[in-house]
Amino acid sequence: MSNLFELCRTLFNSDCLYEIFGVDKTASANEIKRAYYKKSLTTHPDKFTESQREEATAKFQVLSKIYSILQDDDKRAIYDQTGSIDDDLVDDGKDWYAYWRCLFKRISVNDVMEFEKQYKGSAQELEDLKNCYVEYEGDMDRIMDNMMCSTSEDEPRFVNIVQGLIKKKQLPNFEMFIKEDMKKKHKRSKRFEMEAKEAEEMKKKLGLNSENSLESQILKRRANNFNSTIASLEAKYCKSAKK
């Protein structure tokens, strides 16, 4: 069996390259590239602590190898016809991080901040807040974890918006929201403070002093919020690097 397929099973519980990318076998080249980008962002080694980086790196490399197969017409045809791929066709010595950087435009902090500026207070943010409130039945912990670009400073604004929509009967009156325990609020506030402190310590440890690096921005934002932000930015900013 191909070593790549063994790694796919171990790391992603599947040896179907299309399934791992979350696309159909008939997916276009652009759809595959977009899927690779979004999937690889969740495993990019720069986003993980030292203890987590080994597994993240392995996943990142496997995703890059999968893309190198599916983006090549000949290799993809062989895989589609036989359901397998010869390890000789996969370049194990390749610098996959450099490969990723060649494919995608580097998203700068300015890109992220511009997106955040347009997003906050927008109709899209309001719709996302309403959806999060309903999906998580008023659980502010989960709402704050899943709202893009959110920080602890946004919580009072979100609460006021939701309260107004409840009064207008545009949102259901979930008990978890209306009667949230003060201890839970305090615990959430402490968690925000701890995460901010840990991010700053990690930033110093990794020597990420530049305010203009994507890595620094990742460390300053909680991972799931940043992932959502990047996914939204992808359609606007992700283009093949110019040769």
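Asparagine 146 is found in helix α9, helices here being DSSP runs of H or I with at least four residues, numbered from the N terminus. At a relative accessible area of 33%, asparagine 146 is partly exposed; that label covers the range between buried, under 20%, and exposed, over 50%, with a 1.4 Å probe and protein chains only. Leucine 129 sits 17 residues away from asparagine 146 along the chain, and the C-alpha atoms of the two are separated by 9.1 Å. The model is predicted, so local features need pLDDT of at least 70 and side-chain atom pairs count only at pLDDT 80 or more, while totals for chains, interfaces and linings use all residues. Residues are numbered from 1 along each chain as its sequence is written, and side-chain values use heavy atoms, with hydrogens and water left out.

On to the salt bridges. Side chains of opposite charge can pair when their charged atoms come close. Searching the whole structure turns up eleven salt bridges, counted when a side-chain nitrogen of Lys or Arg lies within 4 Å of a carboxyl oxygen of Asp or Glu. In one of them, lysine 120 pairs with aspartate 154, with the closest N and O atoms 2.9 Å apart. This pair ties together distant parts of the chain, 34 residues apart: lysine 120 belongs to the loop between α7 (109-119) and α8 (123-135), and aspartate 154 to the loop between α9 (140-146) and α10 (155-167). Lysine 120 is partly exposed at 27% relative accessible area, whereas aspartate 154 is buried at 6%.

Another bridge joins glutamate 125 and arginine 157, again with 2.9 Å from N to O. Here the link runs from helix α8, which holds glutamate 125, to helix α10, which holds arginine 157, and the two residues are 32 apart in the chain. Glutamate 125 is buried, with a relative accessible area of 3%, and arginine 157 is partly exposed at 27%.

Arginine 191 forms a salt bridge with aspartate 141, and their closest N and O atoms are 4.0 Å apart. The partners come from distant parts of the chain, 50 residues apart, with arginine 191 in helix α12 (residues 182-205) and aspartate 141 in helix α9. Arginine 191 is partly exposed, at 27% relative accessible area. Through shared partners, salt bridges join Asp141, Glu155, Glu180, Arg188 and Arg191 into one network.

As for nonpolar packing, the largest core has 22 residues, and Leu17, Phe21, Ile32, Ile66 and Leu70 have the most contacts inside it. Such a core is a set of buried Ala, Val, Leu, Ile, Met, Phe, Trp, Tyr and Cys residues joined through side-chain atoms within 4.5 Å. Two or more residues come from each of α1 (3-12), α2 (17-21), α3 (29-41) and α4 (50-70), and α4 gives the largest share, six residues. Leaving out residues up to four places away in sequence, phenylalanine 21 touches Ile32, Ala35, Tyr36, Leu63, Ile66, Tyr67 and Leu70, a contact being heavy atoms within 4.5 Å. Another core, of 20 residues, lies apart from this one and has Tyr133, Met144, Met148 and Ile166 among its members.

Finally, the α1 and α4 pairing. In α1, Leu4, Leu7, Cys8, Leu11 and Phe12 meet Ala58, Lys59, Val62, Leu63, Lys65, Ile66 and Ile69 in α4.
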